[in-house]
Amino acid sequence: MRSPVVRDALGVGVAVGLSGFAFGVTSAGSGLTVLQSCALSLLAFTGASQFALVSALAGGGSPVAAAVGAVFLSMRNAFYGLRLSQLLALPRAVRPLAAHFVIDETAAVALAQTGRRAARLGFAVTGVSLYVLWGLTTFLGALGAEAIGDTDTWGLDAAGPAVFLALLAPMVRTARHRAVAAVAVLLGLGLLPFLPAGVPVLAAALAVPTVLYVEGRVAGRCAAGRAARRDRGGRGLGNREQGGRAQPNREEGEGR
Amino acid sequence: MSIWIAIAVTVVGCYVVKLAGLLVSAGTLERPLVQRLAALLPVALLAALTAQQAFADGRELVLDARAAGLAAALVALLLRAPFLVVIGAAVVVTAGVRALTG
């Protein structure tokens, strides 16, 4: 029976589709026209990147730096696509169209299904319902924001950071994630006075290799320590090595 | 005009990334290091974006009503509130603090 798939897919599509309001309002508040906001929602169609782009433009960043940041943020979609192409086994002719709908939500719904038919149905229903609503609510949000004028008075400039935090929260699950987030915040804020607008966010991506490098060093030292203790007939692992950032746990699957 | 350039680059870039995932052979992206970088990159970017959007005014760091709004969003997230409620909490608290402090 396929109705549970459709119900789940519509649930996600409608719930997330409604948040196009938040994008429309933020986009208009950042100085984009209604047409520009709608063009992003219909043609780029990947929420976090859209928010990142309009926020960077509002901060006075160069258009190219702003766009590069947005595209960087969309890199995870390539990994969803990889998983989905195996799961959905789409004919080559359909892939260019299907690609447009490869986003967090469609991947989450499709990957949660058992069987190819259910996965395809979940992907399609989530994608189409979300696409239609996201476009529509972006339009209404942008129109509404233009009507009320100064969006800051209404606290709407806080919608951007709240959206990013809400997208970030489910991704942060391990000590490694927390370390990356903390280093990225330090880089993003610390470099702000010294680099052109839009660039500090890109520089914050260096938090990833930094944390992996430090982790590698610490893990290496722990391994060396263990070996030394074993040589002395020591008693195995100290507790300290189990906790904190040195934890050599593998990723529990990327994304959602 | 420069906004349209940014939109065009974003649209093309995001589409190419999506399509690449569907077209490349599985082996390319399956390497553990690539997988790990891909999982961590959004964490870094979103964390930096959150902080900048909440605490930056142009190129200066400031502490204003948005910080209170972000704190409200955090509380809503910890209470497992739905997405729109989290955003709403941030907006309402920011507007409230701004109204009170004039």
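Visitor: How are residues, chains and ligands numbered or lettered here, and what pLDDT do local features need?
Guide: Residues are numbered from 1 along each chain as its sequence is written, while chains are lettered from A and ligands numbered from 1 in the order in which they are written. Because this is a predicted model, side-chain atom pairs count only at pLDDT 80 or more, totals for chains, interfaces and linings use all residues, and local features need pLDDT of at least 70.

Visitor: Which element of chain A has the highest mean pLDDT?
Guide: pLDDT is the predictor's confidence in each residue, from 0 to 100, and its mean over chain A is 85, with 89% of the residues at 70 or more. Residues 234–256 of chain A stay under 50, and the model has 34 contacts beyond four places in sequence for them. Among the elements of chain A, the lowest mean, 83, belongs to helix 1 (residues 3–18), and the highest, 97, to helix 3 (residues 34–44) of chain A.

Visitor: How many helices does chain A have?
Guide: Helices are DSSP runs of H or I with at least four residues, and strands are runs of E with at least two, numbered from the N terminus. Chain A has zero strands, and its count of helices is 13.

Visitor: Which helix gives the largest share of the side of domain 1 of chain A that touches domain 2 of chain A?
Guide: The domain assignment, which is automatic or from a database, places domain 1 of chain A at 3–171 and domain 2 at 173–256. Contact, meaning C-beta atoms, placed from the backbone, within 7 Å, joins 17 residues of domain 1 of chain A to 11 residues of domain 2 of chain A. On the domain 1 side, two or more residues come from each of helix 5 (63–73), helix 6 (76–88) and helix 8 (104–111) of chain A. The largest share, five residues, is that of helix 5 of chain A.

Visitor: How many nonpolar residues does the side of chain A that touches chain B have?
Guide: The contact takes 83 residues from chain A and 62 residues from chain B. Ala, Val, Leu, Ile, Met, Phe, Trp, Tyr, Cys and Pro count as nonpolar, Asp, Glu, Lys and Arg as charged, and the others, Gly among them, as polar. On the chain A side there are five charged and 17 polar residues, and the nonpolar ones number 61.

Visitor: Is B:Phe55 buried or exposed?
Guide: B:Phe55 is found in helix 3 of chain B, and its contacts, leaving aside neighbours within four places in sequence, are A:Leu189, B:Leu61, B:Val62, B:Leu63 and B:Ala67. A residue is buried if 20 or more other C-beta atoms, placed from the backbone, lie within 10 Å of its own, exposed if 12 or fewer, and partly exposed in between. Because B:Phe55 has 20 other C-beta atoms within 10 Å, B:Phe55 is buried.

Terms used
Contact = placed C-beta atoms within 7 Å.
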